[in-house]
Amino acid sequence: MSSHLGRLPLAMYQSQQERHVYTFETGYVDSGVPTQYAPDPSPPAQAPPRRRLTPFRILVRVFIGICTFIGVLSLLIWLIYRPRTIQMAVDSATLWSFNLNSTTSPPLLSYNLTAGVSISNPSKRVSVYYDRLQVEGFYQEERFGRAALPLSFQGVRRTDTVRGMLQGSSAGYFDNAMASGTGVFPLDLWVVGTVRYKYGELTTTSASTLSVKCPLVLQLMEASTRVECIVISS
(Lines give C-alpha, C1' and ligand atoms only; values in the text may rest on other atoms or scores of the structure.)
Protein backbone atom coordinates (compact mmCIF):
# COMPACT_ATOMS: atom_id res chain seq x y z
CA MET A 1 0.00 0.00 0.00
CA SER A 2 2.86 2.37 0.76
CA SER A 3 4.31 1.71 -2.59
CA HIS A 4 1.00 2.49 -4.18
CA LEU A 5 0.82 5.75 -2.29
CA GLY A 6 4.32 6.52 -3.29
CA ARG A 7 3.48 6.22 -6.88
CA LEU A 8 0.44 8.44 -6.58
CA PRO A 9 2.24 11.83 -6.66
CA LEU A 10 4.29 10.65 -9.59
CA ALA A 11 1.17 9.61 -11.43
CA MET A 12 -0.44 12.92 -10.65
CA TYR A 13 2.65 14.72 -11.89
CA GLN A 14 2.65 12.73 -15.08
CA SER A 15 -1.04 13.37 -15.51
CA GLN A 16 -0.42 17.08 -15.02
CA GLN A 17 2.30 17.03 -17.67
CA GLU A 18 0.07 15.20 -20.06
CA ARG A 19 -2.61 17.76 -19.37
CA HIS A 20 -0.26 20.60 -20.12
CA VAL A 21 0.85 18.92 -23.33
CA TYR A 22 -2.74 18.27 -24.26
CA THR A 23 -3.57 21.85 -23.59
CA PHE A 24 -0.75 23.14 -25.80
CA GLU A 25 -1.61 20.89 -28.70
CA THR A 26 -5.38 21.05 -28.66
CA GLY A 27 -6.08 24.53 -27.37
CA TYR A 28 -7.77 23.52 -24.10
CA VAL A 29 -7.06 25.55 -20.99
CA ASP A 30 -5.88 23.96 -17.78
CA SER A 31 -9.35 24.02 -16.41
CA GLY A 32 -10.47 21.65 -19.11
CA VAL A 33 -12.99 24.12 -20.61
CA PRO A 34 -12.55 24.58 -24.41
CA THR A 35 -11.77 28.09 -25.67
CA GLN A 36 -14.59 29.77 -27.64
CA TYR A 37 -13.51 30.93 -31.12
CA ALA A 38 -15.42 33.34 -33.35
CA PRO A 39 -16.76 31.79 -36.54
CA ASP A 40 -14.83 32.38 -39.69
CA PRO A 41 -15.99 35.52 -41.55
CA SER A 42 -18.03 34.91 -44.67
CA PRO A 43 -16.16 35.39 -47.94
CA PRO A 44 -16.62 38.83 -49.60
CA ALA A 45 -19.40 39.09 -52.13
CA GLN A 46 -18.18 38.88 -55.66
CA ALA A 47 -19.10 41.62 -58.14
CA PRO A 48 -21.41 40.49 -60.93
CA PRO A 49 -19.58 39.73 -64.13
CA ARG A 50 -19.39 42.64 -66.56
CA ARG A 51 -21.50 42.38 -69.69
CA ARG A 52 -19.49 42.02 -72.81
CA LEU A 53 -19.73 44.76 -75.43
CA THR A 54 -21.34 43.30 -78.50
CA PRO A 55 -21.28 45.11 -81.86
CA PHE A 56 -24.94 46.01 -81.40
CA ARG A 57 -24.30 47.65 -78.03
CA ILE A 58 -21.36 49.55 -79.48
CA LEU A 59 -23.55 50.88 -82.30
CA VAL A 60 -26.25 51.93 -79.81
CA ARG A 61 -23.71 53.83 -77.71
CA VAL A 62 -22.24 55.52 -80.76
CA PHE A 63 -25.73 56.52 -81.95
CA ILE A 64 -26.64 57.97 -78.54
CA GLY A 65 -23.35 59.89 -78.45
CA ILE A 66 -23.92 61.37 -81.91
CA CYS A 67 -27.49 62.43 -81.05
CA THR A 68 -26.30 64.03 -77.83
CA PHE A 69 -23.54 65.92 -79.66
CA ILE A 70 -25.95 67.21 -82.32
CA GLY A 71 -28.45 68.31 -79.68
CA VAL A 72 -25.84 70.18 -77.66
CA LEU A 73 -24.43 71.80 -80.81
CA SER A 74 -27.90 72.93 -81.95
CA LEU A 75 -28.60 74.40 -78.53
CA LEU A 76 -25.32 76.31 -78.54
CA ILE A 77 -26.01 77.70 -82.04
CA TRP A 78 -29.48 78.80 -80.98
CA LEU A 79 -28.15 80.46 -77.81
CA ILE A 80 -25.46 82.30 -79.78
CA TYR A 81 -27.60 83.50 -82.69
CA ARG A 82 -31.16 83.58 -81.30
CA PRO A 83 -33.17 84.51 -84.41
CA ARG A 84 -35.84 87.12 -83.80
CA THR A 85 -39.29 87.13 -85.34
CA ILE A 86 -39.73 88.81 -88.72
CA GLN A 87 -41.73 92.03 -88.50
CA MET A 88 -44.13 93.39 -91.12
CA ALA A 89 -46.37 96.38 -91.67
CA VAL A 90 -48.46 97.85 -94.47
CA ASP A 91 -47.06 101.34 -94.98
CA SER A 92 -49.84 102.37 -97.35
CA ALA A 93 -52.62 100.66 -99.29
CA THR A 94 -54.98 102.06 -101.92
CA LEU A 95 -58.15 100.45 -103.19
CA TRP A 96 -58.57 101.78 -106.73
CA SER A 97 -61.65 99.78 -107.62
CA PHE A 98 -63.81 97.22 -105.87
CA ASN A 99 -66.98 96.22 -107.70
CA LEU A 100 -69.24 93.28 -107.06
CA ASN A 101 -71.47 91.87 -109.80
CA SER A 102 -74.21 90.02 -107.97
CA THR A 103 -76.06 89.02 -111.15
CA THR A 104 -73.73 86.11 -111.67
CA SER A 105 -73.72 82.93 -109.62
CA PRO A 106 -71.57 82.97 -107.68
CA PRO A 107 -71.06 86.77 -107.58
CA LEU A 108 -68.04 88.16 -109.42
CA LEU A 109 -65.75 90.64 -107.66
CA SER A 110 -63.54 92.99 -109.69
CA TYR A 111 -60.70 94.60 -107.74
CA ASN A 112 -57.61 96.75 -108.02
CA LEU A 113 -55.53 97.08 -104.87
CA THR A 114 -51.93 98.18 -104.34
CA ALA A 115 -50.07 97.92 -101.05
CA GLY A 116 -46.58 98.78 -99.89
CA VAL A 117 -45.38 96.16 -97.39
CA SER A 118 -42.45 96.82 -95.06
CA ILE A 119 -40.55 93.66 -94.07
CA SER A 120 -37.92 93.82 -91.31
CA ASN A 121 -35.35 91.30 -90.13
CA PRO A 122 -34.35 92.46 -86.62
CA SER A 123 -31.86 89.64 -85.95
CA LYS A 124 -28.21 90.56 -85.37
CA ARG A 125 -26.61 87.39 -86.73
CA VAL A 126 -29.30 85.60 -88.75
CA SER A 127 -30.12 86.26 -92.42
CA VAL A 128 -33.35 85.16 -94.10
CA TYR A 129 -33.97 83.39 -97.42
CA TYR A 130 -37.51 83.79 -98.77
CA ASP A 131 -38.05 80.75 -100.96
CA ARG A 132 -41.63 81.83 -101.62
CA LEU A 133 -43.27 85.11 -100.68
CA GLN A 134 -46.65 86.42 -101.79
CA VAL A 135 -49.52 88.59 -100.65
CA GLU A 136 -53.15 87.44 -100.65
CA GLY A 137 -56.32 89.51 -100.32
CA PHE A 138 -59.39 88.36 -98.36
CA TYR A 139 -62.81 89.93 -98.24
CA GLN A 140 -65.53 88.43 -96.01
CA GLU A 141 -63.17 85.51 -95.42
CA GLU A 142 -63.10 84.78 -99.15
CA ARG A 143 -59.81 85.07 -101.01
CA PHE A 144 -60.08 87.28 -104.06
CA GLY A 145 -56.50 87.58 -105.32
CA ARG A 146 -52.81 86.94 -104.82
CA ALA A 147 -49.52 88.34 -106.09
CA ALA A 148 -45.83 87.54 -105.60
CA LEU A 149 -43.60 89.89 -103.59
CA PRO A 150 -40.12 90.60 -105.03
CA LEU A 151 -37.94 89.63 -102.08
CA SER A 152 -35.71 86.55 -101.93
CA PHE A 153 -32.96 87.37 -99.39
CA GLN A 154 -32.67 89.71 -96.46
CA GLY A 155 -29.54 90.42 -94.44
CA VAL A 156 -29.24 91.09 -90.74
CA ARG A 157 -30.90 94.16 -89.27
CA ARG A 158 -32.40 95.09 -92.59
CA THR A 159 -35.78 96.51 -93.64
CA ASP A 160 -37.09 96.22 -97.19
CA THR A 161 -40.24 97.71 -98.67
CA VAL A 162 -41.91 95.76 -101.44
CA ARG A 163 -45.04 96.56 -103.41
CA GLY A 164 -47.82 94.11 -104.07
CA MET A 165 -50.55 94.62 -106.61
CA LEU A 166 -53.79 92.68 -106.65
CA GLN A 167 -55.77 93.23 -109.85
CA GLY A 168 -58.39 91.14 -111.63
CA SER A 169 -61.67 89.44 -110.86
CA SER A 170 -62.67 86.54 -108.69
CA ALA A 171 -65.87 84.57 -108.19
CA GLY A 172 -66.98 83.96 -104.64
CA TYR A 173 -69.83 84.21 -102.21
CA PHE A 174 -69.40 87.90 -101.43
CA ASP A 175 -72.08 90.15 -99.94
CA ASN A 176 -71.89 93.73 -101.12
CA ALA A 177 -74.63 94.92 -98.74
CA MET A 178 -72.09 95.23 -95.93
CA ALA A 179 -70.27 98.13 -97.65
CA SER A 180 -72.95 99.59 -99.90
CA GLY A 181 -74.02 102.22 -97.40
CA THR A 182 -70.68 103.44 -96.00
CA GLY A 183 -68.24 102.77 -98.81
CA VAL A 184 -65.81 101.24 -96.29
CA PHE A 185 -64.31 97.85 -97.11
CA PRO A 186 -62.74 95.76 -94.35
CA LEU A 187 -60.06 93.68 -96.03
CA ASP A 188 -57.33 91.37 -94.80
CA LEU A 189 -53.96 91.15 -96.49
CA TRP A 190 -52.04 87.98 -95.73
CA VAL A 191 -48.33 87.68 -96.43
CA VAL A 192 -47.48 84.01 -96.76
CA GLY A 193 -44.45 82.03 -97.87
CA THR A 194 -41.62 79.72 -96.86
CA VAL A 195 -38.38 80.91 -95.31
CA ARG A 196 -34.98 79.51 -94.43
CA TYR A 197 -32.47 80.99 -92.01
CA LYS A 198 -28.73 81.47 -92.36
CA TYR A 199 -26.66 81.24 -89.17
CA GLY A 200 -23.27 82.58 -90.12
CA GLU A 201 -22.07 80.13 -92.77
CA LEU A 202 -24.72 77.54 -91.94
CA THR A 203 -28.07 77.60 -93.75
CA THR A 204 -31.03 75.50 -92.66
CA THR A 205 -32.15 72.94 -95.19
CA SER A 206 -35.76 72.71 -94.00
CA ALA A 207 -38.05 75.65 -94.71
CA SER A 208 -40.43 77.22 -92.21
CA THR A 209 -43.91 78.48 -93.02
CA LEU A 210 -44.41 82.24 -92.88
CA SER A 211 -47.91 83.53 -92.17
CA VAL A 212 -48.66 87.19 -91.40
CA LYS A 213 -52.07 88.90 -91.16
CA CYS A 214 -52.57 92.60 -91.96
CA PRO A 215 -56.11 93.85 -91.17
CA LEU A 216 -57.12 96.86 -93.31
CA VAL A 217 -60.12 99.16 -93.51
CA LEU A 218 -60.10 100.87 -96.91
CA GLN A 219 -62.14 103.40 -98.86
CA LEU A 220 -62.05 103.78 -102.60
CA MET A 221 -59.28 106.00 -103.94
CA GLU A 222 -57.96 106.87 -100.47
CA ALA A 223 -54.57 105.76 -99.21
CA SER A 224 -54.53 104.13 -95.82
CA THR A 225 -52.22 104.93 -92.93
CA ARG A 226 -49.56 102.56 -91.64
CA VAL A 227 -50.94 99.35 -90.19
CA GLU A 228 -48.86 96.90 -88.13
CA CYS A 229 -49.28 93.27 -89.12
CA ILE A 230 -49.69 90.24 -86.86
CA VAL A 231 -47.12 87.45 -87.30
CA ILE A 232 -48.92 84.14 -86.96
CA SER A 233 -45.94 81.88 -87.72
CA SER A 234 -42.44 82.32 -89.07
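# Salt bridges, patches and backbone features

Arg 226 and Asp 91 pair in a salt bridge, with their closest N and O atoms 2.4 Å apart. That pair ties together distant parts of the chain: Arg 226 sits in the loop between strand S9 (208–219) and strand S10 (227–228), Asp 91 belongs to strand S1 (residues 87–101), and the two are 135 residues apart. Please keep in mind as you read that this is a predicted model. The chain has 234 residues, and its secondary structure comes to three helices and eleven strands.

**Salt bridges**

- How many salt bridges does the structure hold? The count is six.
- Another salt bridge joins Arg 196 to Asp 131, where the closest N and O atoms are 2.8 Å apart.
- This pair, too, links distant parts of the chain, with Arg 196 in strand S7 (residues 184–199) and Asp 131 in strand S3, 65 residues apart.
- Arg 196 has a relative accessible area of 22% and is therefore partly exposed, and Asp 131, at 42% relative accessibility, falls in the partly exposed class as well.

**Overall architecture**

- Reading from the N terminus, the elements run α-α-β-β-β-β-β-β-α-β-β-β-β-β.
- Where do the contacts reach along the sequence? Among contacts between residues at least 6 apart in sequence, 68% join residues at least 24 apart.
- Buried residues account for 29% of the 234 residues in the chain.
- The chain exposes about 16000 Å², and carbon and sulfur atoms supply 58% of that area.

**Surface patches**

- Which residues make the nonpolar surface patch? Leu 53, Ile 58, Val 62, Ile 66, Phe 69, Ile 70 and Leu 73 form it, and the patch covers about 660 Å².
- One of these residues, Ile 70, lies in helix H2 (residues 55–81).
- Ile 70 is partly exposed because its relative accessible area is 47%, and a residue needs over 30% to be part of a patch.
- A patch of positive charge is also found on the surface, where Arg 84, Lys 124, Arg 125 and Arg 157 gather.
- Arg 125 is placed in the loop between strand S2 (108–121) and strand S3 (126–139).
- With 45% relative accessibility, Arg 125 counts as partly exposed.

**Backbone features**

- As a general point of reference, most residues other than glycine have a negative phi, and most peptide bonds are trans.
- Ser 105 and Pro 106 are joined by a cis peptide bond, with omega at about 0°.
- Pro 106 has its place in the loop between S1 and S2.
- Gln 140 has a phi near 55°, which is a positive value in a residue other than glycine.
- Glu 141 also has a positive phi, near 65°.
- Where do these two residues sit? Gln 140 is in the loop between S3 and strand S4 (142–148), and Glu 141 is found in the loop between S3 and S4.
- Is Glu 141 buried or exposed? At 77% relative accessibility, Glu 141 counts as exposed, whereas Gln 140 is partly exposed at 23%.

Note on methods: Residues are numbered from 1 along each chain as its sequence is written. This is a predicted model: local features need pLDDT of at least 70, side-chain atom pairs count only at pLDDT 80 or more; totals for chains, interfaces and linings use all residues. Side-chain values use heavy atoms; hydrogens and water are left out. Patches are made of residues with over 30% relative accessible area and no salt bridge: like charges are joined within 9 Å, nonpolar side chains (Val, Leu, Ile, Met, Phe, Trp, Tyr) within 5 Å. Accessible areas come from the Shrake-Rupley method with a 1.4 Å probe; for residues, only the protein chains shown count as cover. A salt bridge is a side-chain nitrogen of Lys or Arg within 4 Å of a carboxyl oxygen of Asp or Glu. Lys and Arg count as positive and Asp and Glu as negative; His and the chain ends are not counted. The place of a charge is taken as NZ of Lys, CZ of Arg, CG of Asp or CD of Glu. Helices (H or I, at least four residues) and strands (E, at least two) are DSSP runs, numbered from the N terminus. Buried means under 20% relative accessible area, exposed over 50%, partly exposed in between (1.4 Å probe, protein chains only). Contact means heavy atoms within 4.5 Å.
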